[in-house]
Amino acid sequence: MIIDDQHYDIIIVGTGAGGGTLAQALAPTGKRILILERGSRMALEDQNRAGVDVFKRDRYHAPEQWYDEAGEPFSPQTNYAVGGNTKIYGATLMRMRDRDFEAVTYQDGITPEWPLKYADFEPYYSAAEQLYHVHGEAQADPSEPAHSMDYAHPPMPHAPIMQPIVDAIKGEGLHPTALPVSLSARGDDPTGDAEVFGIDLALVHANVTLKTNATVVALHTNPSGSEIKGVQANVDEQPMMFSANIVVLACGAVNSAALMLISANEQHPNGLANRSGLLGRNLMKHLMTVIVERGAAKNDGKFTRSVSINDFYWGDQYYKFPMGHIENSGGLLQDIIFAESPPLLSVLARLVPGAGLRKLATASIGWWAQTGVLPKFENRIYLQQSRNRQKLRYEFTPNNLEAHDRLVYRWMGVLKDLEKSSLGLRQSTVYPRGEAPLQIVGYQSGTCRMGHDPATAVLDINCRTHEIDNLYVVDSSFFPSCASVGPALTVMANALRVGEHLIERLKS
Ligand SMILES: Cc1cc2nc3c(=O)[nH]c(=O)nc-3n(C[C@H](O)[C@H](O)[C@H](O)COP(=O)(O)OP(=O)(O)OC[C@H]3O[C@@H](n4cnc5c(N)ncnc54)[C@H](O)[C@@H]3O)c2cc1C
């Protein structure tokens, strides 16, 4: 093992929404910062765009296996690269609604109240939206919480095929609004991500070092277990040991919890900072269904997503519980829909030959329905000793299913009404749809819950572990509940918030 002779002020593990955003926030301090990332820079052609053939391929699945509740292996759709999952995400950056921070009554139970409220996050949401060049229109959506600052960039115009549909949705008395999206203004890499707006900005500073192909495999504490003393990584397959005053994990909710579990020692026999027994538990991932509207006018299949509908977010006149969020998918020939895509489209792809598939895709539009789940103790990741290796077990039983079904059916009802008004939509009898299966893990969160009480939370409100003074987690692990909007903007805002705390701490 090579022992790195540098001692750093901070080591950040992971470069996604959490790690990348934090790195750029800390870089101007001049402190010695080491970033360890298991992936490498992602080639442009591998990012979120390609031809129709991706229907038939399992894109963006990590080259490893996790094991489900039945012990069956699966290959998770998660991206190990500089920028993490933001290199392949949809770039929709939405704020959680203010009520999402409270205890919310879902049909299946009540979500835990967050220890911090919307007002605590608001300035960081604004800062994250500026940093990630979010294009949007604050306040146009009645469910949108108050913004102290408007978006710096106007919303993207809807594609020609979508504009009449948006007008017709308004005609139904609903409130379709511009989807807030991060855009980079780069022709070759249009969506804004944590490489462009995080890591690359951090690396402008000479005090920041990035090591790629550097997989952290264990954290080592001092004898009393109160501090992390060593960060062990395989760098280009070479075992190395690094040290720093502060260690921040940002490996994603599954991998950060796994790293803390695998680093168990005498002082932390059940995993680092796991006296609460909650490390790896309360795993959440949204319920997601894509609905394909086949009778649309001819389109290029490549237009970007732009429409958000939250009229059913908190329920409707027939159902008094939160149902969730609707957005359009953009053209069906873009990778991203297939990257996220549930099996249904893949099934269609197997049935329809290439040219037929393209024809189908360019006469269709898609919609995503997205619903939050409740955190459940039994939904968790853990490590299972199996012969001479440890298997990552990923046990997740979806809940809040009725709310999601109602959202999907409610939306199909709206689509039927729109068809009657003949706005470029033909009457459909079927709406092919598919639910995101277990291996779609991109919206993972919750495995190191944040809270005031060490008995019921792994992290304190600064995302520092309750038990290890210099260990922080700034990815989506900290979520006490997951709301029904995508997690990325909340991860970014939280990284800026924790960054402020760390800057203060580094001064002392
Ligand atoms: C296809 C897809 C579409 C999505 N679309 C949206 C969207 O439109 N809107 C939205 O809000 N969210 C979206 N998401 C979710 C969003 O990408 C995540 O919520 C967000 O990236 C989470 O940030 P993170 O920092 O927790 O983890 P990640 O972004 O996953 O970053 C984790 C990083 O840690 C690295 N890493 C992991 N383990 C180790 C290790 N042991 N050593 C070193 N490095 C390690 C990984 O390589 C990665 O770079 C999408 C996700 C996917 C997969």
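**View 1. Helix α1 against helix α4.** α1 spans residues 17-26 and α4 spans residues 195-202. Their axes come within 7 Å and cross at roughly 40°. The two helices are therefore oblique to each other. The crossing of α1 past α4 is left-handed. On the α1 side the contact residues are G20, T21, A23 and Q24, and on the α4 side they are E195, G198, I199, L201 and A202. This contact of α1 with α4 divides into 4 nonpolar, 4 polar and 1 charged residues.

**View 2. Helix α1 against helix α10.** The axes of α1 and α10 come within 8 Å, with a crossing angle of roughly 35°. The crossing of this pair is right-handed. From α1, the contact is made by A17, G18, T21, L22, A25 and L26. From α10, the contact is made by A488, V491, M492, A495, L496, V498, G499, L502 and I503. The contact of α1 with α10 has 12 nonpolar and 3 polar residues, and no charged ones.

**View 3. Helix α2 against helix α10.** Helix α2 covers residues 118-131, and the axes of α2 and α10 come within 8 Å and cross at roughly 110°. That angle makes α2 roughly perpendicular to α10. F121, Y124, Y125, A127 and A128 of α2 meet L489, M492, A493, N494, L496 and R497 of α10. By class, the contact of α2 with α10 has 9 nonpolar, 1 polar and 1 charged residues.

**View 4. Two segments with pLDDT under 50.** Over the chain, mean pLDDT is 90, and 92% of the residues reach 70 or more. Over residues 49-57, pLDDT stays under 50, and the model has 17 contacts beyond four places in sequence for this segment. Over residues 336-340, pLDDT also stays under 50, and the model has 18 such contacts, again beyond four places in sequence. Where pLDDT is low, predicted coordinates should not be read in detail.

Key. Residues numbered from 1 in each chain as written. Predicted model: local features only at pLDDT ≥ 70, side-chain atom pairs only at ≥ 80, totals over all residues. Axes fitted to C-alpha atoms, helices over the stretch in contact; angles between N-to-C directions. Helix = DSSP H or I, 4+ residues; strand = E, 2+ residues; numbered from the N terminus. Parallel < 35°, antiparallel > 145°, perpendicular 65-115°, else oblique. Left-handed = near helix turned anticlockwise from the far one by under 90°. Contact = placed C-beta atoms within 7 Å. Nonpolar A, V, L, I, M, F, W, Y, C, P; charged D, E, K, R; others polar. pLDDT = per-residue confidence, 0-100.
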